[in-house]
Amino acid sequence: MSHIPPSVAIVGAGSRGLGVFERLVGHCLERPTPLTVHLIDPQPFGAGFHLSDQPDHLLLNTVCGQLSAFADAQMVDGPVPVPGPSLHEWCRRRDLRLADDGYTVRAGEGREIQPNDFLPRRLLSEYLAWAAGEITGAAPESLTLIRHRTTAVDILPGGSGTETVVLADGSRIETDAVFVTVGHHSLYLPAAPAPDPRLVTRPYPLPTALDGIGPGERVAVLGMGLTAMDVLATLTLGRGGRHLTDAAGMRYLPSGREPSIVLTNRSGMPSRSRPRLRPGRVRFAPLALTTDRLDEIRAGTPDGRLGFTRDVLPLIEAEMELAYYRTLLAREYGDATGAGLELARRCAHGGHEALLGELHAQFGPCPVTGILSADLTDRQWRGYDAYLGWFTAEVAADLAEAREGLGAAPLKEALEVLRDHRDVLRAVIDPPGVDDASLATFFGEFAATVNRLVIGPQLDRSAELLSLIDAGIVRLGPGPRPKVVAPAGQGPWRLESTCLDRPLRMEVDHVVQAHVSEPGADRVAGSLLGTLVAAGRVRTLAHRGAAVPGLDVTRQGQGVDRTGTPQPRLFFLGPHTEGSSYYNHYVPSPGVPSRALLDAELALRTALPSLITRKR
């Protein structure tokens, strides 16, 4: 009998699909084994939704030194025989430099790019495509890669324990396992028609989506997160405006082609800026928010599930307060490492509650208290000027901390707990996870708050926002929780205040919904995920009563079907599993454990146990 080599299919060739392929190449180089890999995606390999033709003013919100397509020994459990540069190192090798405007990148023109620079998104596209070529070129002869530059439209159970991938051209691929890594799958589909041509429901791709907004016209931008900052940059820098910085600060020089912008959101609060990363900044192990403590709490519950507000939130807040006080103590010591060791010693001796009591007495109250539950929508403001003054002061104070940077700014260090200890938060959601009510809380209010506090815009974007407000190009909306009233005919849209003692109404010609969210797979008819959910091959988390759009998958990434049965050969990795796991929207960072690559390795080890083994 002839032996047929195993084969796998990767559906989706963006950064997640590249991570799965990189792990396969690494293991096949370590242990040469015949393997066929079918890669299915009409888009270029590696880049995914990171488009190469974006203008330079559309920036990444992760610094370039923290992005890499190549695994190292700290990132994964398995072999790492294919070394490669981070995005920062790749730029330096090409003598790419940053212009004085802070975003334009050209070869040989400007200053050297630093690890803590936020670079244009187009560079990540070019880097990922280059890395895909390098990793493909490093593959051993035993691995056969077959590219299918088309779309997968269905995945059916095959005969003899296989899966059959149906392609848009009608052809079929029979394979031993399928890894679905389609990322932001719905953003490739055309946006649904808006009820009014003056309403932009999806502001991408930029600038095309905003071409209908003319110079001098009035436009309301709903949102203050990363998408809203993209919209602001497109309507200002993208139309020829410039931000100039001198001894007096930053000011905006209009081009005359900008619209008049009203910026507003439901909470009324600005997103906090990403801080500078100071050289030598120390990332400390958690003292209160530990996986050991979570395991202890789980052991005391009947089903092992946690109550987020009861069991987890107090530990998060305690860890944030400890980080705040540790930074103050480091100032006294003149040594961050020494301050960290001192707090760890005292915590081990008396517990984190007693330690926080001592630190409170020594340094006074901590401004972190209540920051995770802050809400302005139940506050009544005397008038618009009072709200405007509060808002701009908040942005300015946050900018000062962001410029001081991680390793020095106490509040930024406290907030960075939400990023530094993301793996502990992932452990909260990993099976057995949290109870059903907590699932909705975690992926509702808490995740949105985390995004506003630590997944915000680059600090330059916040400085530019103040500059635009000073120039009169941007005006804040009428306070928190504005009422948006659509016109009955061709008249203007209205924004009406609900939290001001003196009511205020603003009128605009266009409205841009600047908050993009991925709909549930069951709501995207015609997509691969929608087809699989409709067929019952995988279900969403709706059965838990939670408004979480993600797919139900096991810890190994196997899809759970409508009967609750894991599919042994059908795996899902990436943003569409948000809810079964936490924070899947990122490119790996070098030098630290990478959940994206560890998850890829776990799924591969489940599908191909004879090939994929742990290194340590």
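This passage describes the fold of a predicted model, from the whole chain down to single residues.

The structure is a predicted model, in which local features require a pLDDT of at least 70 and side-chain atom pairs count only at pLDDT 80 or more, whereas totals for chains, interfaces and linings use all residues. Residues are numbered from 1 along each chain as its sequence is written, and side-chain values use heavy atoms, with hydrogens and water left out.

The chain contains 15 helices and 22 strands, where helices (H or I, at least four residues) and strands (E, at least two) are DSSP runs numbered from the N terminus. Its radius of gyration, taken over C-alpha atoms, is 25 Å, close to the 25 Å that the globule rule (2.2 Å times the number of residues to the power 0.38) gives for 616 residues, so the chain is as compact as a globular protein of that length. Along its principal axes the C-alpha trace spans about 85 × 65 × 55 Å. Buried residues make up 55% of the 616 residues; here buried means under 20% relative accessible area, exposed means over 50%, and partly exposed lies in between, with a 1.4 Å probe and protein chains only. Of the contacts (heavy atoms within 4.5 Å) between residues at least 6 apart in sequence, 73% join residues at least 24 apart.

In soluble globular proteins, nonpolar side chains tend to be buried together. A nonpolar core is defined as a set of buried Ala, Val, Leu, Ile, Met, Phe, Trp, Tyr and Cys residues joined through side-chain atoms within 4.5 Å. The largest such core has 53 residues, and those with the most contacts inside it are Ile316, Met320, Leu372, Leu418 and Phe446. Several helices each supply at least two residues of this core, among them H5 (291-299), H6 (308-333), H10 (410-420) and H12 (436-454), and H6 gives the most, with 14 residues. A second, separate core of 48 residues includes Leu58, Val219, Met269 and Leu399.

Leaving aside neighbours within four places in sequence, Leu372 is in contact with Leu313, Ile316, Glu317, Met320, Leu418, Phe446, Thr449 and Leu453. Leu453, in turn, is placed in helix H12 and is buried, with a relative accessible area of 1%.

Two helices can be compared with the expected span, which is 1.5 Å times one less than the number of residues. Helix H1 (residues 15-30) has 16 residues and reaches 22 Å from its first C-alpha to its last, close to the expected 22 Å, and 13 of its 16 residues are buried, so that the helix is mostly covered. The 15 residues of H7 should span 21 Å, and the end C-alpha atoms of H7 are 21 Å apart, which agrees. Buried residues of H7 include Gly338, Leu343 and Cys347, and what covers the buried residues of this helix includes H6 and H8. At the start of H7, a side-chain oxygen of Asp335 reaches to within 3.2 Å of the backbone nitrogen of Thr337, while just after H7 Gly351 takes a positive phi of about 90°.

Strands are said to pair if DSSP finds at least two bridges between them. Strand E15 (residues 260-264) has 4 of its 5 residues buried, so it is largely enclosed by the rest of the structure. Strand E12 (residues 218-222) runs parallel to E15 and is joined to it by 5 bridges, with Arg218 opposite Ser260. E15 also pairs in the parallel sense with strand E16 (residues 474-476), over 3 bridges, and there Val262 stands opposite Arg475. Elsewhere, 3 strands form an open antiparallel sheet in the order E4-E3-E5, whose edge strands, E4 (105-107) and E5 (111-112), each pair on one side only.

Finally, Asp72 lies in the loop between strand E2 (35-40) and helix H2 (87-93). The side chain of Asp72 reaches the backbone nitrogen of Gln74 at 3.0 Å, and a polar atom of this side chain lies 2.8 Å from the backbone nitrogen of Gly591. Not counting residues up to four places away in sequence, Asp72 touches Val80, Pro590 and Gly591.

Key
Polar contact = N/O pair within 3.5 Å; in protein donor to acceptor, adjacent residues only side chain to side chain.
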